[in-house]
Structure formats: structure tokens, C-alpha cells
Amino acid sequence: KVIAISNGVNNSSLKLLQEKTVVIYNGVDMSEIPTARQHKLRRLYKIPESDLLVGIFSRIEPWKGQEIVIRSMPKVLENFRNVKLLVFGSPYTNRGKDYLQKLKSIVGELKLEKNVVFVGTIKDINKLYNEFDLVILPSIDPEPLGRVVIEAMAAGRAVIATDLGGSKECIINDKTGLLIKENDVKAMEDAMVKVLGNSNMRQHFGKGGKERVAKVFDIKKIIKVVEKVYQNLY
């Protein structure tokens with residue numbers, strides 16, 4: 001048997017093994033992801049309680065699409081002056097290092113230095129999702145699954161992701177978050193303004209997302225499914 005972590009992976013990478021493949025999503029331990037706000041990041045970066053916090057969590061690589069969110073910030077700031085974007089992650093390749101410099105140049109060109117912070121890599125990131133009003137996964141190529149989306153939903157956060165790969169299997173559009181077209185600044189602007197401007201929507205997405213993770217992605221349920229695959233091999 002071959003276990004694929006999403007239908008997207010199964011359909012794109014494992015076509016020759018269809019008869020041997022079973023799709024089992026990655027699971028998360030919800031007990032390790034707090035939902036109550038802790039304000040560590042706000043204290044560290046001296047961010048006022050009144051500011052809206054947006055987070056991107058991924059390695060720094062062009063296909064991860066951080067540029068799309070940064071280019072959306074001027075329009076977002078026209079609507080809400082108190083938004084901070086925290087970009088987590090580090091480059092793993094020379095291409096990623098060049099991309100990081102490009103992102104910083106864009107921030108300078110758009111005069112976003114006060115609103116965009118490059119955080120780098122932080123351990124135990126799953127304990128920080130709860131501090132954010134919105135978490136975005138803006139990948140311009142398909143994610144195998146999009147674990148960030150699952151963890152953010154488990155923390156009760158509103159999420160936006162591109163309608164590609166595993167992300168569209170994690171999010172139920174307009175119920176647990178928003179799915180938008182990839183590599184589209186206008187779509188990202190509209191989605192960010194829509195979510196940041198509606199606290200009831202954020203709460204609705206957070207509640208729906210947490211319920212979906214408990215139903216579909218809880219690690220205890222995933223373990224049982226994996227065990228069953230092994231048991232059926234004998």
C-alpha cells in the first residue's frame with residue numbers, strides 16, 4: 001500500500017499506483033494547539049492590542065506566494081490602518097534567498113516597513129497561531145496538503161488559501177475560510193479586506209474550522225485509519 005496525504009498528491013504524483021494507494025490526511029494533535037490568545041508576539045514586536053495581526057507561515061520560496069500578500073497590503077491599509085503582517089520562515093535554497101531579498105525590496109518600494117515584519121524561523125509555531133486574526137497560505141503552486149491551514153483552523157483562526165492542491169481539501173469555502181485564485185493580487189486584496197473587516201466572519205470561520213479539524217484531521221482518528229491499513233495487509 002501507498003499512503004498519500006491528499007487527493008491532490010494521489011491524482012498528480014501517484015497515478016501509476018492507484019490500485020495500491022489510499023488517501024489519509026496528516027493529523028494534528030489539537031491538545032498541543034492552544035486557542036486562547038497569549039500576546040507573546042505583540043509584546044515582542046510592540047504591536048498594540050488594537051492592531052489586526054495577519055500571519056504567513058512557510059519556507060521562503062517563490063512558489064509559496066508571499067509576494068502576493070505583500071503587494072495586497074497597500075489596498076488593505078487603505079481600508080484598515082492598523083494591520084500588521086508577520087512573515088514567518090526562512091529560505092532553504094539560493095533561489096529562496098534571492099526571493100527573500102526581493103520581498104524586502106518590495107516592502108521598501110511600497111513603504112510598508114511599519115506594517116510588514118520578517119520574523120524568520122520560530123520553534124513551536126503551532127503555539128502562536130492563536131495570536132492572529134487571519135492566517136494566509138498564498139501558494140501559487142499546489143500544496144501537497146497545507147498543514148499550516150489545518151493547524152490554524154485547529155487554533156480557531158480565520159484562514160485564506162489558494163484554491164489549489166491539498167488546501168482546497170482542508171478548507172470548505174465560506175464556511176471554514178476562503179479559497180481564492182492563485183497568483184492574483186486583486187483576489188487577495190478583496191479576500192483580506194472581506195475577512196479583516198468582519199469580526200463575525202472571523203469568528204464563524206474559526207468555529208467552523210476548529211470543528212472540521214476535530215472531525216477530519218484529529219490525530220487520534222488518523223492513527224486508527226493508518227492502523228487499519230496495516231492490519232488489512234495481513
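Predicted model: local features only at pLDDT ≥ 70, side-chain atom pairs only at ≥ 80, totals over all residues.
Let's start with V216: leaving aside residues up to four places away in sequence, V216 touches Y25 and I222. V216 and Y25 are 191 residues apart along the chain, yet 8.2 Å separates their C-alpha atoms. Is V216 buried, partly exposed or exposed? With a relative accessible area of 23%, V216 is partly exposed, because the cut-off for buried is under 20%.

Next comes helix α7, made up of residues 185-196. From first C-alpha to last, α7 reaches 16 Å, close to the 16 Å expected for its 12 residues at 1.5 Å a residue. Its buried residues are M188, E189, A191, M192, V195 and L196. An α-helix has 3.6 residues a turn, so residues three or four places apart point the same way. At the start of α7, D184 places a side-chain oxygen within 3.1 Å of the backbone nitrogen of K186.

Now for the strands. β4 runs through residues 83-88 and pairs with β5 in the parallel sense, over four bridges. G120 in β5 is the bridge partner of F88. Strand β5 is mostly covered, with four of its five residues buried.

| Element | Residues |
|---|---|
| Strand β4 | residues 83-88 |
| Strand β5 | residues 116-120 |
| Helix α7 | residues 185-196 |

Technical notes: Residues numbered from 1 in each chain as written. Heavy atoms only, no water. Helix = DSSP H or I, 4+ residues; strand = E, 2+ residues; numbered from the N terminus. Expected span 1.5 Å × (residues − 1). Buried < 20%, exposed > 50% of the residue type's maximum accessible area, 1.4 Å probe, protein only. Polar contact = N/O pair within 3.5 Å; in protein donor to acceptor, adjacent residues only side chain to side chain. Contact = heavy atoms within 4.5 Å. Pairing = 2+ DSSP bridges.
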